[in-house]
Amino acid sequence: MRLQPLGRLVVPAPVPIAARGPAAPPATATVARLSAARPRPIITGMPTRATKRGRERTPLQRDCDVLICGASFAGLAVARELAGIGADVLVVDRYEIGERQTSACGIPTAWLRALALEESLQQTFGELVIHTPHSTVRYDLPWTFSTFDYRTLCGLLAGMGTFEFETAKVDGRTGDTVHTDRGDIKAPLIVDALGWRRVLGVGENIQPPDALLSRGLEVHPFGSGEDLEVWIDRSYVPAGYGWSFPADGEVRIGIGSFDPRHHVREPTERLAADLHADRVRYQGNWIPHALRDATEDGVFFVGDSAGHCLPLTAEGIRTALYFGIACGRELRRVIEGEQSRERALARYHDFSAQHALAFRWMLRVQRLVPRVAPRLLAPSLRTMGTKRFVDWSFNHYLNVAHPSFVAGGGAPRTRHVPSAGAAA
Ligand SMILES: Cc1cc2nc3c(=O)[nH]c(=O)nc-3n(C[C@H](O)[C@H](O)[C@H](O)COP(=O)(O)OP(=O)(O)OC[C@H]3O[C@@H](n4cnc5c(N)ncnc54)[C@H](O)[C@@H]3O)c2cc1C
């Protein structure tokens, strides 16, 4: 279903308050208790700043059973798994849910279907068009890829959870107490889904350009297109790629650089200019391209905070959802008394670590592609463009975080992997 007319934003409707026990939320709190009821998206004219400011930012000092820091893909996927179990789950983010788009919002369509998020779908593509300086190839994909509306997807996902939400900036942590700009929150189960900064990690955080991070920037001009396109072209970026993702009235055009020392603003603007698109509505961030320990000092890390974004493609939404679900299932078993927190930390840590080989392979290819001579790139891509090879490689790629995991239920299956670095 197509949702938005040109230039409009789709925002989730206010969600009903779940009937979960007699305690009403404190009157001062900016609470949106989200129920399993599916929110109905509404159309608004202009984006509005929803984040609480000034006097609205009342003190926030409390305990809860589960504290999920970050209300984007990873955090909301964790919360979804905790729906209806009667736990006191609090989600915090510096912005309102869905307020700040964090990506080009492209995902294998099967993931939208598996999570019943089709209402956010904008455009679907069966082919990938790859441009090199010397030619263009089209890969007929074995599965489709879709763009979606960020606000609608976050609203739908949030509507599947049962939790309280507060806007607050997370500053750090001491033990099981998380410090925010509105006060301290204490919880035995803490999730960091705050993105690449890994705010709740131990010690000094690694910063770009030394960290294993890529740079990504895109513009969102109004317009239309039929193809999902990428550019592997050193004139734009020495190591990385450019993209154009049409999304029903808007096109997301950007450049990702695997080398954090290379700036991406100028090439992003140049690619947009080459495509005769306006350079408007910028959106950019650092993107991790290496796995990090998924648990540390008693905290669960999910999504970009654990380096769950895939190297080479910088696809981090489905993996944030996938590992978010895995983490949520482990937390659920703790709340239901089936396992200890320590066991959950160890199991989730091991589950994430089991994917290290796939991530390492993709990182190798990420490092290899820029070394291929430009004149060899086109013939190489053509050779790899046989239907058989495309099906094989893209199916392997999908298997890294397959949508069937959503329906799997239960706890993730784990092989035994030594859990060094798992929780204390
Ligand atoms: C330009 C660009 C385009 C991309 N395009 C795609 C794409 O098309 N498909 C794809 O799969 N991946 C894409 N990615 C990667 C993808 O965006 C990330 O991997 C994904 O968003 C990770 O999800 P997450 O929930 O872990 O983190 P995020 O989506 O980054 O969410 C982190 C959340 O934490 C909040 N937060 C951060 N710090 C604080 C704080 N201190 N206090 C309170 N809240 C805080 C933020 O407001 C945010 O809501 C792209 C990345 C970039 C930069």
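Strand E18 (282-288) contributes the most residues to the shell around the ligand, four. The other elements that supply two or more residues are helix H1 (73-81), strand E6 (106-108), strand E14 (213-219) and helix H5 (317-335). Helices (H or I, at least four residues) and strands (E, at least two) are DSSP runs, numbered from the N terminus.

The model is predicted: local features need pLDDT of at least 70 and side-chain atom pairs count only at pLDDT 80 or more, while totals for chains, interfaces and linings use all residues. Residue numbers start from 1 along each chain as its sequence is written.

## Composition and domains

Around the ligand there are 40 residues, of which Ser-72, Ser-103, Gly-216, Gly-303 and Gly-316 come nearest. A residue counts as near if its C-beta atom, placed from the backbone, lies within 6 Å of the molecule. The shell holds 17 nonpolar, 14 polar and nine charged residues. Nonpolar means Ala, Val, Leu, Ile, Met, Phe, Trp, Tyr, Cys and Pro; charged means Asp, Glu, Lys and Arg; the others, Gly among them, are polar.

Domain 1 (9-102 + 150-208 + 290-365 + 404-408) and domain 2 (120-147 + 210-288) each provide at least three residues of this shell. The domain bounds come from an automatic or database assignment.

## Helix H4

In helix H4 (residues 265-274), Pro-267, Thr-268, Leu-271 and Ala-272 are buried (20 or more other C-beta atoms within 10 Å of the residue's own; exposed means 12 or fewer, and partly exposed lies in between; C-beta atoms are placed from the backbone). These residues lie on the same side of H4 because they cover an arc of only 140 degrees around the axis, taken from the directions from the helix axis to the C-beta atoms.

Just after H4, His-276 has a positive phi of about 55 degrees.
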